[in-house]
Amino acid sequence: MKHDKKTSNPLPMSKKEMYQRGWDTLDIIIVTGDAYVDHPSFGAALIGRLLEARGFRVGIIAQPAHDKPEELKKLGKPELFFAATAGNMDSMVSNYTPSLKPRKRDMYSPGGTPGMRPDRATIVYSNRIHQAYPDAPIVIAGVEASLRRLAQYDFQSGKVRKSILADAPADLLIYGMGETQTEEIARRLQAGEDIKQIKDIPGTVWKTPVKTWKEELQGMDYIELESYTTVSEEKEAFARNYKTLWQQQNPGNGKILVQPHPKTIIVQNPPAKPLETQKLDEVYELPYTRQKHPAYKEDIPAIEPVRFSLTTHRGCFGACSFCAIAHHQGRMVNSRSIESLLREAKSLTKMKDFKGNINGVGGPTANMYSMECSRWKDKGVCTDKLCLYPEVCPSMNTDHSKNMELLNRLEQIPGVKKVFITYGVRYDLALTQPEYLEMICKKHVSGRLAVAPEHYSKKVTDSMRKPGRDVFEKFVEMYSAINKKLGKEQYLQTYLMSGHPGCGLKEMIETAEYIRDNKLYSEQVQDFTPTPMTASTCMYHTGIDPFTGENIEVATSRRDKKIQRTILHYRDKRNRKYILEALKTADRMDLVGNSWKCLISGKSGMWESKKK
């Protein structure tokens with residue numbers, strides 16, 4: 001059945017919308033934990049639009065009531081497969097705060113209403129689909145599936161959980177950015193292949209019976225990881241597994257990973273190669289409406305920060321310990337062409353609610369656009385060293401010229417008044433090219449520039465694999481000098497983290513003193529939350545640095561984590577009790593001064609600048 005590949009209508013969410021397109025049935029149905037917003041920042045929309053462009057009939061079931069299996073039947077049974085995703089975030093991160101309290105707001109739901117997606121949404125949706133259509137192929141994907149593809153520590157339960165594929169009645173799992181994998185699965189099913197025989201696609205995970213796995217993998221180059229049973233009981237084994245996983249995340253030479261589970265064997269194929277520029281351009285230039293689906297009466301809060309933004313690239317070679325991007329988007333940066341970005345920007349100017357401001361240009365970081373290492377094309381990323389830690393690798397091309405050209409050309413488009421950088425800037429990279437920093441200070445900073453030093457204790461930034469405060473100080477000095485030269489009064493919005501592995505009371509107090517002395521107080525403090533498949537989560541669970549094998553200090557109790565956070569919020573009167581407790585424990589009552597009131601008033605003791 002032929003259909004218009006370039007339709008500007010959103011993908012159907014009802015039978016009525018299907019019939020309006022002339023479709024009686026669908027090829028693929030995407031079930032998502034997010035509300036359906038037809039924008040490339042939403043994974044379900046992006047994958048759905050790409051499949052549509054390839055000639056497949058695609059529908060969306062968004063946020064189905066998990067206690068009503070009949071909602072999974074409203075679009076009928078797809079000809080090829082169901083694709084289930086928790087949405088743009090892991091459902092447990094979306095549903096709970098770092099202190100494990102239910103969130104009061106869900107940015108990906110209509111009106112910000114919480115509770116629209118179930119806990120462990122990917123498993124729940126897979127079960128409901130299986131109940132509705134027992135013989136329908138099920139593919140799971142998205143951040144939740146991707147980062148829970150092998151045995152992982154689960155913060156909410158405080159336990160090591162099995163691979164999500166071992167818990168869900170799904171046939172295949174797609175990890176990473178899933179365009180290539182999804183296309184190939186769709187084509188091969190359309191050609192008549194059995195999904196249970198599709199086991200060779202890079203960037204996918206499959207399962208096989210315990211009795212036959214060695215026979216199936218005979219002759220293949222694979223690594224057998226420690227079993228689920230072993231890593232759930234032995235923390236040293238968990239840390240060893242993490243290191244192996246990290247080393248095999250190279251699309252150039254990563255090996256098959258096999259992890260035995262009690263009732264099944266989980267097999268991870270090597271990572272998929274990232275999209276080339278031409279394909280990346282195509283994906284982001286599909287005919288998105290960039291609006292919520294018309295069925296929604298309330299706004300979807302998550303769309304507002306990105307509605308008039310441009311995604312310039314994917315991937316991040318920063319490899320911070322607390323970030324999972326390396327295991328999802330990858331460490332290799334892949335960038336779109338300037339011409340593609342200009343075309344997308346021009347399309348923004350035609351939208352009726354566009355006011356002239358492009359409010360974000362970047363990716364995981366703003367200033368990695370077009371950067372690459374000479375090794376990537378042939379060998380992929382290094383497994384024995386990092387690109388930016390402990391210092392910028394000389395093999396890395398850190399030229400910002402193409403980024404600067406892009407910004408210049410964007411602001412020349414008729415109808416564009418301002419082009420702002422609201423994505424965080426990697427300041428160690430910005431230091432390598434002062435003219436870039438001067439350019440964005442002059443034209444592209446709206447009063448504040450976001451940077452993330454995360455901490456001011458070297459012990460902690462080392463565990464984060466982030467540059468130390470000496471690098472941050474050089475950046476602050478350069479930023480201040482440039483703004484003074486330009487006659488501008490602009491500030492830094494600094495993001496900090498409390499409770500990260502490697503951080504004790506001594507390090508938090510050291511950071512608080514540094515904030516006090518340098519007038520860097522900020523409310524932007526994030527309490528470290530263990531999320532699946534990060535090195536920091538491995539450290540939190542095991543007390544071991546997986547890369548060195550050394551023991552590391554970890555604050556695990558809720559009270560200890562709360563005390564660490566309150567130290568950085570020392571101006572808040574409600575925190576006095578916890579701050580005093582911390583100072584007593586750390587034997588730093590010398591910072592209190594002459595009275596308890598000094599903790600709040602800022603007139604003496606710790607909260608008075610020691611600089612003359």
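Biologist: Which residues point one way from strand 1 and which the other way, and are they buried or exposed?

Modeller: Strands (E, at least two residues) and helices (H or I, at least four) are DSSP runs numbered from the N terminus, and buried means under 20% relative accessible area, exposed over 50% and partly exposed in between, with a 1.4 Å probe and protein chains only. In strand 1, Ile 28, Ile 30 and Thr 32 point one way while Ile 29 and Val 31 point the other way, and all are buried. Strand 1, residues 28–32, is thus mostly covered, with five of its five residues buried.
This is a predicted model, in which local features need pLDDT of at least 70 and side-chain atom pairs count only at pLDDT 80 or more, whereas totals for chains, interfaces and linings use all residues. Residues are numbered from 1 along each chain as its sequence is written, and side-chain values use heavy atoms, with hydrogens and water left out.

Biologist: Which strands do bridges join to strand 1?

Modeller: Two strands pair if DSSP finds at least two bridges between them. Strand 1 runs parallel to strand 3 (residues 81–85), with five bridges joining them, and Phe 82 in strand 3 is the bridge partner of Ile 29. Strand 1 also runs parallel to strand 2 (residues 58–62), again through five bridges, and there Val 31 stands opposite Ile 61. Between strand 1 and strand 2 the chain passes through helix 2 (residues 43–53), and this β-α-β crossover is right-handed, a term used if, with the strands pointing away from the viewer, the path from the first strand over the helix to the second runs clockwise.

Biologist: Which residues are buried in helix 19, and where do they lie around the axis?

Modeller: Phe 472, Phe 475, Met 478, Tyr 479, Ile 482 and Asn 483 are buried in helix 19. They cover an arc of only 125° around the axis, taken from the directions from the helix axis to the C-beta atoms, which puts them on the same side of helix 19. Lys 474, Glu 477, Lys 484 and Lys 485, on the other side of helix 19, are exposed. The buried residues of helix 19 pack, by contacts of heavy atoms within 4.5 Å, against elements including helix 17 (434–443), strand 21 (491–498) and helix 20 (505–517). After helix 19 comes Gly 487, whose phi is positive, near 70°.

Biologist: How many disulfides does the structure hold?

Modeller: A disulfide is a pair of cysteine sulfur atoms within 2.5 Å, and the structure holds zero. For Cys 316, the nearest cysteine sulfur is that of Cys 323, 6.2 Å away, and Cys 316 counts as buried at 11% relative accessibility. For Cys 382, the nearest is that of Cys 373, 5.9 Å away, and Cys 382 is buried too, with a relative accessible area of 13%.
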